[in-house]
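Here is a briefing on the structure shown below.

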Amino acid sequence: MPDPQRPEPPDPRSDNQRLSPLHQLHVDAGASFTDFAGWQMPVRYSSDLAEHHAVRTSVGLFDLSHMAEIIVTGPDAARALDYALAGKISDIAISQVKYSLLLTPDGGILDDVVVYRTHKNRYGVVANASNRFAVAGALAARAAEFDVTVFDESDGLALLAVQGPDSLAVVENLEGLEPVKPLRELGYYWSTMGTYHGNEIMVGRTGYTGEDGFELYVRVEHGERLWRELMAAGAAYGIVPAGLASRDTLRLEAGMPLYGHELGTDILPAQAGLSRVVNLKKDGDFVGREATEAGPPEDARVLVGLVSEGKRAGRAGYGVYSADDREIGVITSGALSPTLGHPIAMAYVDSLALSEPGGIFIDVRGTRVAASVVPLPFYKRPTTRTQTTEKGTEQ
Amino acid sequence: MTDLAALKYTAEHEWVLVEGDTATIGITAYAAGKLGDVVFVELPSVGDAITEGTVIGEIESTKSVGELFAPVNGTISETNDAVVDSPELVNSDPFGAGWMVKVTFTELPAMLSAAEYDALVGE
């Protein structure tokens with residue numbers, strides 16, 4: 001993360017109908033907006049399908065400035081995060097990035113976060129916008145016994161994501177960017193500090209689309225220029241601005257969970273297929289350890305991928321039924337997959353019901369549609385040698 | 001080119017073109033824009049009797065599901081197979097090639113004028 005001028009305390013009053021620092025650019029680009037966690041963010045610019053396909057086949061640009069960034073810095077930063085988060089953060093190298101979970105004492109999921117180790121004793125924790133204050137508050141409380149400073153940098157930073165197979169070419173083509181480490185040498189889930197027209201920037205080879213991609217963090221006053229120059233750098237590759245609608249279908253195809261859908265305080269990591277993100281072997285206590293060790297009850301619902309035929313997609317909230325018409329689960333996210341052409345969904349289903357004969361069915365507004373359980377992700381990008389996946393990040 | 005001023009509109013964001021005893025029905029550009037890219041359209045069958053205010057079809061986008069309401073009482077005389085095969089017509093030409101059904105109606109209820117509909121959606 002770029003160095004802050006000074007820590008800014010969170011202001012809950014400002015968290016209502018907030019506008020991105022790039023808002024005017026989106027208006028000028030003809031975006032439609034949606035309310036997302038108190039923010040007015042672009043849901044699409046022209047066509048959410050076209051934006052989705054652009055990210056799968058070439059490159060798209062997202063404004064994610066609503067995301068929360070919490071900085072943890074100080075001599076005990078690694079130990080504090082080992083206690084506060086489910087993963088062993090002290091294991092990651094400088095510049096490495098790790099997907100992790102913030103658990104409740106009961107083992108539920110308060111949020112999923114991406115942790116960037118930007119310096120020896122400095123980490124940036126990126127959280128969902130809807131959980132900004134919950135995450136900032138929990139990290140501060142959990143760090144209280146450690147020699148660290150925790151502060152909320154969310155208001156000071158703009159975050160842009162360049163996603164798609166041509167993303168490396170676009171970011172390498174960006175005027176004014178001087179990364180410390182050449183971008184093509186960054187592995188997936190690694191990052192580098194750098195300068196952008198002389199100002200601090202942090203670039204991660206990270207994303208939430210299932211494609212290769214980069215996320216760029218700058219101070220808000222440089223956000224508009226970064227957007228314009230990324231659009232210019234990507235023009236030769238057909239870059240398009242992409243909204244939250246396409247981001248949602250992209251992450252769903254990639255089998256990536258979304259807080260409020262697949263993740264919540266009533267969900268244990270094992271249910272969400274995220275046991276590997278919780279490191280029970282690390283030394284010392286951490287919040288949620290005891291409950292995670294006990295594990296969910298045997299009959300707890302588990303997250304599965306469902307596919308069906310035709311065009312009618314099961315959507316969040318739709319019931320999942322057994323052949324003998326018992327409700328055995330509920331869909332948490334679903335759509336007609338733009339890439340695959342058939343309906344896909346993630347659902348929490350009674351684990352014991354999965355082995356029953358007769359199959360399972362989705363109730364699509366009164367019609368039962370036969371569905372099959374498939375391993376996640378639904379879509380996996382063609383891998384190249386530069387795209388090693390960070391274990392625990394992609395399913 | 002469809003003359004938008006000549007159409008009638010409903011609060012459910014549908015347009016109705018009246019020609020003799022036939023009403024051609026579609027959804028407005030405003031509705032199509034709100035839905036996003038339409039990926040699936042389900043329409044009633046020719047010969048179905050429909051009742052004003054009831055759901056007669058579904059229009060799904062990647063993000064949401066919209067319902068097609070009957071704006072009139074009558075009988076379905078024709079459905080647009082092209083829009084079922086190519087749902088993107090709803091977005092590209094909502095007032096033209098993206099029409100949904102034709103109805104032989106018995107009586108026309110009060111509907112909105114173009115000016116009244118524009119006022120409703122704030123445009």
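**Lead points**

In chain B, residues 24 or more positions apart account for 60% of the contacts with a separation of 6 or more. Two residues are in contact if their C-beta atoms, placed from the backbone, lie within 7 Å. This is a predicted model: local features need pLDDT of at least 70, side-chain atom pairs count only at pLDDT 80 or more, and totals for chains, interfaces and linings use all residues. Residues are numbered from 1 along each chain as its sequence is written, while chains are lettered from A and ligands numbered from 1 in the order in which they are written.

**Chain B**

- Chain B has four helices and nine strands. Helices (H or I, at least four residues) and strands (E, at least two) are DSSP runs, numbered from the N terminus.
- Along the sequence, the pattern of chain B is β-β-β-α-β-β-β-β-β-α-α-β-α.
- The radius of gyration of chain B is 13 Å, close to the 14 Å that the globule rule gives for 123 residues, so chain B is as compact as a globular protein of that length. The radius is taken over C-alpha atoms, and the globule rule is 2.2 Å times the number of residues to the power 0.38.
- Along the principal axes, the C-alpha atoms of chain B fill a box of roughly 35 × 35 × 25 Å.
- Of the 123 residues in chain B, 41% are buried. A residue is buried if 20 or more other C-beta atoms lie within 10 Å of its own, exposed if 12 or fewer, and partly exposed in between, with C-beta atoms placed from the backbone.

**Contact between the chains**

- Chain A gives 13 residues to the contact and chain B gives eight residues.
- On the side of chain A that touches chain B, the elements giving two or more residues are helix 2 (48–57), helix 7 (244–253) and strand 18 (327–336) of chain A.
- That side of chain A has five nonpolar, three polar and five charged residues. Ala, Val, Leu, Ile, Met, Phe, Trp, Tyr, Cys and Pro count as nonpolar, Asp, Glu, Lys and Arg as charged, and the others, Gly among them, as polar.

**Domains of chain A**

- Chain A is divided into domain 1 (12–252) and domain 2 (296–374). The bounds come from an automatic or database domain assignment.
- The C-alpha centres of domain 1 and domain 2 of chain A lie 31 Å apart.
- Six residues of domain 1 of chain A are in contact with six residues of domain 2 of chain A.
- Helix 2 and helix 7 of chain A each give two or more residues to the domain 1 side of this contact. Helix 2 of chain A gives the most, with four residues.

**Sheets of chain A**

- Six strands of chain A form a closed barrel, 16-19-18-17-20-21, with antiparallel pairing. Two strands pair if DSSP finds at least two bridges between them.
- Strand 16 (residues 301–308) and strand 21 (residues 367–374) of chain A pair in the antiparallel sense over four bridges. A:V307 has A:S372 in strand 21 of chain A as its bridge partner.
- Strand 12 (residues 191–196) and strand 13 (residues 199–204) of chain A pair in the antiparallel sense over six bridges. Their hairpin has two residues between the strands, and A:H197 takes a positive phi near 50° there.
- Strand 13 of chain A also pairs with strand 14 (residues 213–219) of chain A, in the antiparallel sense over three bridges. A:M202 stands opposite A:Y217 in strand 14 of chain A.
- Three strands of chain A form an open sheet in the order 1-3-2, with mixed pairing. Its edge strands are strand 1 (18–19) and strand 2 (32–36) of chain A.

**Buried sites in chain A**

- Helix 3 (residues 77–84) of chain A is mostly covered, with six of its eight residues buried. Among them are A:L81 and A:D82.
- The cover over these buried residues includes strand 5 (68–73), strand 6 (97–103) and helix 4 (132–142) of chain A.
- A:Y259 lies in the loop between helix 7 and helix 8 (289–294) of chain A. A:Y259 is buried, with 20 other C-beta atoms within 10 Å.
- Not counting residues up to four places away in sequence, A:Y259 touches A:D111, A:D112, A:N128, A:S130 and A:N131.
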